[in-house]
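User: I would like to go through some terms used for this model and see what each one rests on. Please set each value against its definition.

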Amino acid sequence: MKHVFSVRIGPVGFRVGSDWREPIRQLAALYAGYPQPEDGVPDFTVRLFAQRPWRRVIRPAVMIGGDFMIPDAAPLPLAQGLLAAEMAMNLQMALGQRRYLLLHASAVERDGRVLLMTGESGSGKSTLAALLSQRGWRLMGDEFALIDPITGLAHAFPRLVSLKNAAIAVAEAAMPQARFGPLLKGTPKGAIRHLVPDAAAVAAMDTPGKPALLLFPRFGFTPDIRDVAPGEVFMRLTQASTNYVAMGERGFDALTRLVLGIPAQAIDYPDTGHALAQVEALWNAL
Amino acid sequence: MNVGANGWLLARILRSPIDAAALDAAGWTALIAIARAEQMIGTLAWRLHGTAMPPAVARILADARASADHGRTLALWEAEAARRALAPLGVPVVLLKGTAFVAAGLMAGQGRSIGDLDILVPRESLDAVERALLANGWEWVKPDAYDDAYYRRWMHELPPLIHRDRDRMIDVHHTILPLTARITPDAEGLLAAAVPLRDGLAMLSRTDVIVHAAAHLFADGDLAGGMRNLWDVHCLIEEFGVGGLVERAEHHGLGDAVGRALRLAAALYGDGATLSPGDRACLRRVTARDGWGRATRPWTRLGFYVRSHWLRMPPAMLARHLWTKWRKQAVA
């Protein structure tokens with residue numbers, strides 16, 4: 001394709017081809033400092049293309065495609081090309097990743113041990129991971145935690161942190177020195193701004209960690225902490241995994257091992273200050 | 001290596017895995033994208049198993065093998081589910097395509113991606129088979145009156161059914177070409193010659209299985225998935241030979257289709273063949289893919305799409321069919 005960008009994020013290499021220069025320029029700027037795919041061969045190919053040749057220039061709309069596609073993906077305006085690229089990369093992972101069990105979770109590491117946080121969009125898992133990375137934790141990722149079925153270790157996937165709506169101002173205020181992407185307004189998920197993981201997260205991204213604690217955060221409630229029983233944890237994680245079914249027996253074994261190996265708690269919080277205190281308290285009590 | 005990034009790259013490596021040693025990073029990247037687009041990454045992974053390659057490629061292909069193995073398990077389980085549902089009827093159930101290849105442990109099944117379960121049953125048993133499947137958790141995919149009536153009157157299979165729990169489709173065939181096609185294969189002969197597998201399931205005979213692959217490609221479809229289907233043909237010939245194949249193909253009225261399938265499979269994956277202009281056009285269509293996995297040569301593709309409809313039904317009926325489809329689309 002006309003414009004090409006390649007990158008390795010954690011153990012996963014991507015190649016992004018685009019009909020337009022701008023999304024590639026943004027990716028190259030935001031992922032500066034990331035390595036190239038190992039051996040120069042990416043795991044996944046992503047394509048950003050115009051549905052018809054004239055749609056490259058007239059009301060340009062970005063279709064997303066690649067090795068793995070969903071049939072009815074809606075195009076995005078060119079101004080949201082960066083978001084299209086990130087969505088397409090996530091889609092390759094969600095549909096095509098078979099080496100690791102994928103959990104829709106953010107992950108941070110301290111002393112070689114990993115805290116996993118999972119929840120639906122709006123639970124605050126991305127924001128909390130970003131804030132924790134300012135407080136002595138290493139950011140491993142805000143979207144997918146990669147569980148190795150052989151070792152049980154969690155691998156980092158520190159792609160750009162996707163901050164949405166109110167979380168944007170919270171992160172900007174807490175991390176004035178951090179690098180951010182352009183503010184994307186009016187996306188299908190509201191306002192989005194990408195945060196570049198700090199240098200430490202990128203430098204250590206090849207180092208996996210041992211899962212130690214699983215949290216189910218929930219934003220907008222009075223503070224509360226509850227134990228979650230293994231059966232419920234298992235069911236919720238099957239729903240939070242995009243490839244649990246496709247991984248077959250390996251997926252079942254990896255998830256069983258994870259659920260039985262670490263404690264899980266649900267935390268409700270009214271603001272990030274409460275949440276960070278809850279996290280530190282639970283972590284220190286391990 | 002003097003091969004551009006198109007379907008020929010994949011064909012060349014499948015034919016001669018040792019040539020992969022000459023690939024650079026860009027070559028491997030294109031090969032993987034093309035193989036994925038043609039749904040042949042599992043086939044490629046098994047074909048290259050044990051040969052030298054960069055570690056990153058080895059990991060990608062190991063994942064593809066694991067994925068294909070899981071797909072095989074699912075396909076066999078789906079066949080078993082259908083067998084259990086249909087066993088009380090006492091009718092012969094013949095597995096077709098990918099599921100048959102893996103059930104019989106054939107080379108064509110190694111690493112093959114398998115989507116739907118395709119079975120062949122006697123036409124007079126269709127109603128009973130349909131009732132038994134509906135009673136065991138399968139449901140209609142297309143609740144559309146026109147499509148439903150069209151399938152039942154003119155097609156060689158029931159409208160597709162999907163299982164409500166396992167989300168897997170089953171295509172129940174009673175012959176191997178649409179009833180509207182100009183050629184009428186001997187459906188009773190297919191069933192009579194079928195070879196038992198185990199547990200009451202069967203597959204087509206060693207000649208009929210090749211005839212079916214060729215019919216599917218040239219007398220029915222628009223050559224979509226042609227690289228994979230011709231790999232099937234290549235593997236089946238490697239394992240079964242061509243003894244009696246020409247006679248059997250003529251018997252079904254599919255001598256031309258089988259002859260072409262043999263030539264194209266030999267051109268792509270074997271020792272080459274003397275090609276007609278029509279064969280060359282087919283190869284242009286089959287290999288129309290670029291190093292990004294994109295479909296190329298849109299006019300060639302369109303030509304074969306039109307041709308597939310032309311072969312499938314007489315002109316007046318085609319006009320009526322397209323008119324109805326177009327009106328429905330316009331309303332929607």
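User: What makes E22(A), P23(A), Q26(A) and L27(A) in α1(A) count as meeting residues in α2(A)?

Analyst: In this predicted model, those four meet G81(A), L82(A), A84(A) and A85(A) in α2(A). Two residues are in contact if their C-beta atoms, placed from the backbone, lie within 7 Å. The contact residues divide into five nonpolar, two polar and one charged; Ala, Val, Leu, Ile, Met, Phe, Trp, Tyr, Cys and Pro count as nonpolar, Asp, Glu, Lys and Arg as charged, and the others, Gly among them, as polar.

User: Why is α1(A) called roughly perpendicular to α2(A)?

Analyst: Helix α1 (residues 21-30) of chain A and helix α2 (residues 81-96) of chain A pack at an angle of about 70°, with their axes 8 Å apart. Angles of 65 to 115 degrees count as roughly perpendicular, so α1(A) is roughly perpendicular to α2(A).

User: Numbering and confidence: what are the conventions?

Analyst: Residues are numbered from 1 along each chain as its sequence is written, and chains are lettered from A and ligands numbered from 1 in the order in which they are written. Local features need pLDDT of at least 70, side-chain atom pairs count only at pLDDT 80 or more, and totals for chains, interfaces and linings use all residues.

User: Which helix gives the most to the side of chain B that touches chain A?

Analyst: 18 residues of chain B are in contact with 17 residues of chain A. On the chain B side, α2 (25-37) and α4 (55-86) each supply at least two residues, and α4(B) gives the most, with 10 residues.

User: What makes a set of residues a nonpolar core?

Analyst: The set consists of buried Ala, Val, Leu, Ile, Met, Phe, Trp, Tyr and Cys residues joined through C-beta atoms within 7 Å; buried means that 20 or more other C-beta atoms lie within 10 Å of a residue's own. The largest core has 100 residues, of which L10(B), V94(B), I119(B), A214(B) and A261(B) touch the most other members. Helix α4(B) gives the most to this core, with 12 residues. Apart from it lies another core, of 83 residues, among them L83(A) and L258(A).

User: How do you know that β3 (138-140) of chain B stands at an edge?

Analyst: The open sheet of seven strands runs β3-β4-β5-β2-β1-β7-β6 (chain B). Strands β3 and β6 (195-196) of chain B each have a single partner strand, so one side of each is left without a neighbour in the sheet. Pairing requires at least two bridges found by DSSP; β3(B) and β4 (residues 161-163) of chain B have three, in the antiparallel sense.

Notes
Axes are lines fitted to C-alpha atoms, for helices over the stretch in contact, and angles run from 0 to 180 degrees between N-to-C directions. Angles under 35 degrees count as roughly parallel, over 145 as roughly antiparallel, 65 to 115 as roughly perpendicular and the rest as oblique. A residue is buried if 20 or more other C-beta atoms lie within 10 Å of its own, exposed if 12 or fewer, and partly exposed in between; C-beta atoms are placed from the backbone.
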